[in-house]
Amino acid sequence: VVIPYGAPLLSAPPGDTLRKWGLQPGQYLLYVSRLEPENHAHTTLAAFQKLASSLPLVIVGDAPYSKKYILKLRQLAAMPEAGATAVKVIFTGALYGAPFEELISNALLYVQATEVGGTHPALLQAMGAGNIVVANDTPEHREVLDGAGIYYRRNDAEDLTRRMGEVLAKPGDFAPLRAAARKRVAERYSWERVTDRYEALFSELCAGGGC
């Protein structure tokens with residue numbers, strides 16, 4: 001029996017967290033994950049640096065065991081592509097609770113770049129917040145999104161640049177994906193549904209003499 005994670009429908013207004021980082025609602029890109037190679041923050045950075053945009057990229061996450069990798073990310077962020085517009089990358093470290101909900105509720109675009117894993121909690125939260133999701137093309141992400149997002153070729157920074165550029169050029173064209181993402185969370189990944197499935201599983205086990 002497989003019971004996935006759940007997520008709430010989020011709608012946190014802009015406030016202290018955005019002010020702290022000098023951000024405007026709907027005017028930044030967001031990446032959230034543990035900062036380790038398999039989660040491809042470096043691919044996201046490489047793709048972002050080729051964008052013809054002045055919007056910042058916000059990277060949320062940390063990993064105490066990946067200090068060398070995180071240092072490399074910060075070095076990459078400080079070296080934009082030749083001829084690129086001014087690149088602004090903000091590393092917030094790990095965030096939880098209200099500050100995280102505020103960031104994920106007000107992003108223009110959310111990048112899910114992870115290569116392995118199952119149902120990623122941050123992806124569900126981004127969907128529940130109505131983000132335009134641009135996801136690494138893996139079976140897991142296709143299963144979770146089920147068409148409520150945009151896919152780029154697996155681990156391909158150039159294709160990620162192209163996909164992000166399409167959204168930044170005409171974000172209004174992708175508004176239906178926002179509604180579709182929230183609808184999918186409400187119908188399949190709500191905490192109420194997750195709880196119901198656990199209750200049904202326990203009831204079945206007890207009915208079979210397992211209690």
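I take helices (H or I, at least four residues) and strands (E, at least two) as DSSP runs, numbered from the N terminus. The model is predicted, so I required pLDDT of at least 70 for local features and 80 or more for side-chain atom pairs, while totals for chains, interfaces and linings use all residues. Residues are numbered from 1 along each chain as its sequence is written, and side-chain values use heavy atoms, without hydrogens and water.

**Entry 1: S33.** I located S33 in the loop between β1 (29-32) and α2 (41-49). Is S33 buried or exposed? S33 counts as buried, at 15% relative accessibility; buried means under 20% relative accessible area, exposed over 50% and partly exposed in between (1.4 Å probe, protein chains only). Beyond its neighbours within four places in sequence, I found S33 in contact (heavy atoms within 4.5 Å) with N39, V60, G61, D62 and T114.

**Entry 2: salt bridges.** I noted eleven salt bridges in the structure, each a side-chain nitrogen of Lys or Arg within 4 Å of a carboxyl oxygen of Asp or Glu. Side chains of opposite charge can pair when their charged atoms come close. R19 is exposed at 59%, and D16 is exposed at 57%.

In helix α8 (residues 175-188), E187 and K183 stand four residues apart, and their closest N and O atoms are 2.8 Å apart in a salt bridge. K183 is partly exposed, at 48% relative accessibility.

**Entry 3: a network.** I traced a network of salt bridges linking R153, D156, D159, R162, R163 and E166.
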